[in-house]
Amino acid sequence: MKELRRNPITGEWVIVSSARSARPVLPENACPLCPGVFELEEDYDLAVFDNRFPALSFDAPEITEEDSIVEKARAFGKCEVIMYTSEHELAVPDMPVKQLAKLIEVWCDRYRDLSRNKDLKYIYIFENRGREVGATLDHAHGQLYAFPYLPPRVERKVNYTREQYFLNGNCTLCDMLKNIPEKNIVKKGHYFVSLVPPYARFPYECHIYPLRHVSYLTDLTGEEKWELAEFIRDVAKRYDWLFEEKFPYMMMLFSAPYNTDELYDEFFHFHIEFNPPKRSKDKMKWMASVETGSWNFINPASPEEVARELREALD
Ligand SMILES: [Zn+2]
Ligand SMILES: [Zn+2]
């Protein structure tokens, strides 16, 4: 069973996706993402394929039940898996910049391709690294969810930045980047800056922002994409060096929405967020009652202190 159900109190959609086919039996220690093992038959460089257990899909069943007590909708959309490399041991911190630059081109291709479907409103690209954030396979890969609506946090970002734009005539992030204090900056380049924002929700949260105002990843020039590849690797590497382990993280890309009859170019600023789930090498930052129930985060670390730690990790 797979469908969208709307919470009558918050208005948010919940994806209920209970169908789980049995995973195929693989030889012990075989990685299904390595070339020729299971998902991908031949050797590959980068690859994209449909998630075998998609929460959202183009062929999601129609809603037939008419007497439901809550609003329901088809779980229409797309879930894809994006392989970064065929090399099993090669993760983002050690990947050649060229490989990550190619990955950015693959992301752009997926944005362009899926945004042609007028029923898809938000294309969300992310990576879960490590068991702590639910990655069941070590082989470096990311994912993509294409939603038929704006997910709640995206909608909130859009609404707030639009409201501020109408009040002040500026993009809130452009305004912030003009005045960002050195103490929050991890690394500054020609086109990008990585920083621990003063409003970080997670202790080791780190964001990457283009210094130029662009709303979509696909708006970046080739030279900018190359530097973005360097910045993505740099942030991941700093975590590993700081903690001397393969530090788990969630990496999330935020481009503007598509196909909503609204233009986002003036006020939505493309960005990438890294949210590691840990507060130290051996302590998790749990989503407990305050975070889960009130959607209000309490950050137990000083963002400025963390920015210093990350700055010094590679110096
Ligand atoms: Zn593998
Ligand atoms: Zn901006």
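1. Helices and strands here are DSSP runs, numbered from the N terminus. The model is a predicted one. With that numbering, Pro300 sits in the loop that links helix 5 (289-294) to helix 6 (303-313).

2. Thr260 is 40 residues from Pro300 in sequence, and the two C-alpha atoms are 38 Å apart.

3. Next, the core. The largest nonpolar core holds 58 residues. Val196, Cys206, Ile208, Leu228, Ile232 and Val235 touch the most other members. Helix 4 (residues 222-243) gives the most to this core: seven residues.

4. Take Val235 from that group. Setting aside residues up to four places away in sequence, Val235 touches Ser194, Cys206, Ile208 and Phe274. Cys206 and Ile208 are also among the core residues that touch the most other members.

5. Now the annotated positions. In an unreviewed entry, UniProt lists Cys31, Cys34, His88 and His139 under "binding site". Why can these four be said to gather at one spot? They span 109 residues in sequence, yet no two of their C-alpha atoms are more than 8.2 Å apart, so they come together at one spot.

6. His88 belongs to the loop between strand 5 (78-83) and helix 1 (97-115). It counts as partly exposed because 15 C-beta neighbours fall inside 10 Å. Not counting residues up to four places away in sequence, His88 touches Cys31, Cys34 and His139.

7. His139 is in the loop between strand 6 (122-129) and strand 7. A residue is buried if 20 or more other C-beta atoms lie within 10 Å of its own. His139 has 20 C-beta neighbours inside that distance, so it counts as buried. Its contacts beyond four places in sequence are Cys31, Leu33, Cys34 and His88.

8. His141 carries the UniProt feature "active site", also from an unreviewed entry. It is found in strand 7 (residues 141-147). With 21 C-beta neighbours inside 10 Å, His141 counts as buried. Leaving aside neighbours within four places in sequence, it is in contact with Leu33, Val81, Ile82, Met83 and Tyr84.

9. Last, Ser57. It lies in the loop between strand 3 (47-50) and strand 4 (72-73). Ser57 is partly exposed, since it has 19 other C-beta atoms within 10 Å. Which residues does Ser57 touch, not counting those up to four places away in sequence? They are Ala75, Gly77, Lys78 and Cys79. Gly77 is 20 residues from Ser57 along the chain, and their C-alpha atoms are separated by 4.6 Å.

Terms used:
Residues are numbered from 1 along each chain as its sequence is written. Chains are lettered from A and ligands numbered from 1 in the order in which they are written. This is a predicted model: local features need pLDDT of at least 70, side-chain atom pairs count only at pLDDT 80 or more; totals for chains, interfaces and linings use all residues. Helices (H or I, at least four residues) and strands (E, at least two) are DSSP runs, numbered from the N terminus. A nonpolar core is a set of buried Ala, Val, Leu, Ile, Met, Phe, Trp, Tyr and Cys residues joined through C-beta atoms within 7 Å. A residue is buried if 20 or more other C-beta atoms lie within 10 Å of its own, exposed if 12 or fewer, and partly exposed in between; C-beta atoms are placed from the backbone. Two residues are in contact if their C-beta atoms, placed from the backbone, lie within 7 Å. UniProt positions are given in the numbering used here, feature names are shortened, and annotations may be inferred rather than shown by experiment.
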